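Please read them beside the sequence and the model.

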Amino acid sequence: MWWKNATVYQIYPPSFKDSNGDGIGDIPGIHSQLDYIQSLGVDAIWLCPIYDSPQHDMGYDVSNYEGVYPPYGTIEDVEKLIEACHTRGLRIILDLVVNHTSIEHAWFQESRLSISSAKRDWYIWRPPRYDQDGKRHLPNNWRSCFGGSVWAWDEATGEYYLHLFTPQQPDLNWENEETRNAIYASAMEFWLRKGIDGFRVDVANAYSKDLSFPDAPVTDPQQEWQYASHLFCNGPRSHEYLREMGRILKKYNAMTVGELPLTPDIEQVLSYVSAKEGQLDMVFQFDMVHLGTGPDLKYQTVPRNWTLPELKERVRATQRLMDGTTDGWSTAFLENHDQARCVSRWGCESTPELWAQSAKMLAILVASLSGTLFIYQGQEIGMVNAPASWGMDEYKDVESKDYYEFVRSTSHDDPVALAAAKTALQHLARDHARMPMQWDGTPHAGFTTPNATPWMRAHDNYSVLNVKRQTLDGQSVLSFWKRVIAIRKEYPDVFAQGVFCHTNADDKLFIIEKEGDGRKLVVVLNFTPSEQEMDLGAKLGDQSKLLLSNAGESVHLLQPYEGRVYLV
Ligand code: TEU
Ligand code: CA
């Protein structure tokens with residue numbers, strides 16, 4: 001199983017590399033950077049959705065699974081990319097977005113034609129509820145993931161359709177076997193036959209819904225729609241559907257990594273990834289990256305709303321999946337296209353030195369965890385969030401825009417409320433991960449041609465923070481990441497497969513101890529911008545080797561944001 005000790009590099013196609021000067025990244029652009037990707041030492045790439053789409057949610061609204069979004073290229077470009085990856089020994093996985101389609105998908109177009117359409121039942125339609133006065137009401141009070149109701153009214157047929165995300169993303173009806181088979185054929189087998197090595201499975205635990213659609217408890221009486229995500233995750237037939245999918249994947253020996261939001265219970269996670277289940281090979285758990293977000297609304301929070309003991313607890317909780325007694329496999333990640341940059345969230349940007357040190361320390365943290373390692377484009381050079389001075393017009397994500405408009409309308413344009421919303425977005429918005437990859441110091445960070453207008457503005461810092469500079473610098477974040485990936489590969493028993501056994505309690509240092517194959521890994525991370533004393537003597541015994549360090553070797557003193565890994 002190639003994926004067990006692997007490092008996967010995630011690519012966001014619109015923002016990686018533009019090959020033709022239209023300001024949008026594309027498949028030939030990705031192809032042109034395979035040397036760079038391979039120089040990192042990674043084993044596989046994962047591409048976010050490349051399918052045809054009206055882009056209401058950046059391709060997570062697919063209008064045709066068997067076509068490529070024209071600005072990204074053609075099917076032939078993808079075939080060439082698959083071949084080029086395989087020639088180099090790189091694997092390639094695609095995103096599988098099958099909880100919902102775009103409203104522009106032919107299936108939905110047919111479904112909405114009439115109540116008696118042959119594909120009516122391919123989506124989730126419900127009639128209105130009427131009260132005693134004959135007034136029309138929605139089927140229930142659920143709030144969608146990006147705000148507003150989950151139900152959209154269809155005037156022509158007089159019913160509502162369900163959409164857990166935007167109204168342009170109607171949920172498919174997985175109860176219908178014909179629909180499921182169409183999904184498998186069109187979204188999965190079409191690409192599996194072309195030789196891809198697996199899928200990242202979007203919201204893998206939301207396909208099966210509680211068909212009674214019960215109202216959610218009212219947690220915020222001020223709001224019309226209530227938090228309901230716990231009601232639409234892990235529905236009754238979830239495992240059955242994933243097992244069915246698993247049988248298809250098996251024919252092609254394809255791997256899967258599923259997204260498993262809102263599932264903190266480790267037994268429940270295991271029920272999806274236990275090897276004997278034949279469902280998913282591994283999942284992304286969100287315990288760590290959701291720390292510091294608002295409990296009801298994601299952006300109802302303030303920057304750095306977390307403590308180190310909380311972070312440790314979440315790391316420990318997710319790592320329990322691989323405690324040596326289970327047959328489950330895990331993932332380690334700090335970033336993806338839905339998360340702000342990890343240095344801005346957990347590290348420090350106040351000086352160039354602290355920025356570099358904290359980016360390296362976070363590399364050590366995530367690479368020391370068990371499971372398959374995922375790194376996101378730009379993480380390897382320590383890219384950071386958009387500057388605070390940028391206005392809201394630089395934010396393009398539907399989630400950011402919807403939230404800002406929600407605050408504007410509910411607060412009646414209150415400047416204090418809007419400033420708080422902007423501050424939260426500057427800290428946590430998905431946009432920060434979606435800005436152009438910083439290749440060099442030329443205009444737009446070398447992401448596109450100098451005269452082009454990139455679809456998102458490149459960060460102001462690109463002339464100092466870019467791949468080219470860091471490639472030439474043996475002490476750069478990039479050079480450090482390459483070392484980290486290589487070391488992790490050299491000792492799979494303690495890195496990818498080790499058992500997390502202990503962490504310390506204080507709020508400055510994060511010490512992780514892991515066991516594997518008769519040896520131990522001791523990881524020490526200073527999460528503060530100041531020097532810290534420590535005493536590792538007893539933990540290291542008299543036979544230990546320093547595998548990785550972003551600073552000195554003193555066993556008694558840690559530099560600001562220093563990180564070290566010992567093999568004992
Ligand atoms: O995300 C699903 C998901 O779990 C979201 O709730 C996620 O937590 C969200 O980004 C909150 O900020 C996937 C994709 O990764 C995301 O980009 C899509 O918008 C979403 O599905 C809909 O397809
Ligand atoms: Ca392009």
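1. The backbone oxygen of Gln426 lies 3.0 Å from a polar side-chain atom of His432. The His432 side chain also reaches the backbone oxygen of Leu425, at 2.8 Å. A polar contact is a pair of N or O atoms within 3.5 Å; within protein, one must be able to donate a hydrogen and the other to accept it, and residues adjacent in sequence count only if both atoms are side-chain atoms.

2. His432 sits in the loop between helix H14 (415–428) and helix H15 (467–472). Helices (H or I, at least four residues) and strands (E, at least two) are DSSP runs, numbered from the N terminus. With 0% relative accessibility, His432 counts as buried (under 20% relative accessible area, exposed being over 50% and partly exposed in between; 1.4 Å probe, protein chains only).

3. This is a predicted model, in which local features need pLDDT of at least 70, side-chain atom pairs count only at pLDDT 80 or more, and totals for chains, interfaces and linings use all residues; side-chain values use heavy atoms, without hydrogens and water. Residues are numbered from 1 along each chain as its sequence is written, while chains are lettered from A and ligands numbered from 1 in the order in which they are written.

4. The protein chain averages a pLDDT (the predictor's confidence in each residue, from 0 to 100) of 96. Confidence is lowest in helix H17 (residues 537–540), at a mean of 82.

5. In helix H9 (residues 266–273), Ile266, Val269, Leu270, Tyr272 and Val273 are buried. Seen down the axis of H9, these residues fall within an arc of 155 degrees (from the directions from the helix axis to the C-beta atoms), so they line one face of the helix.
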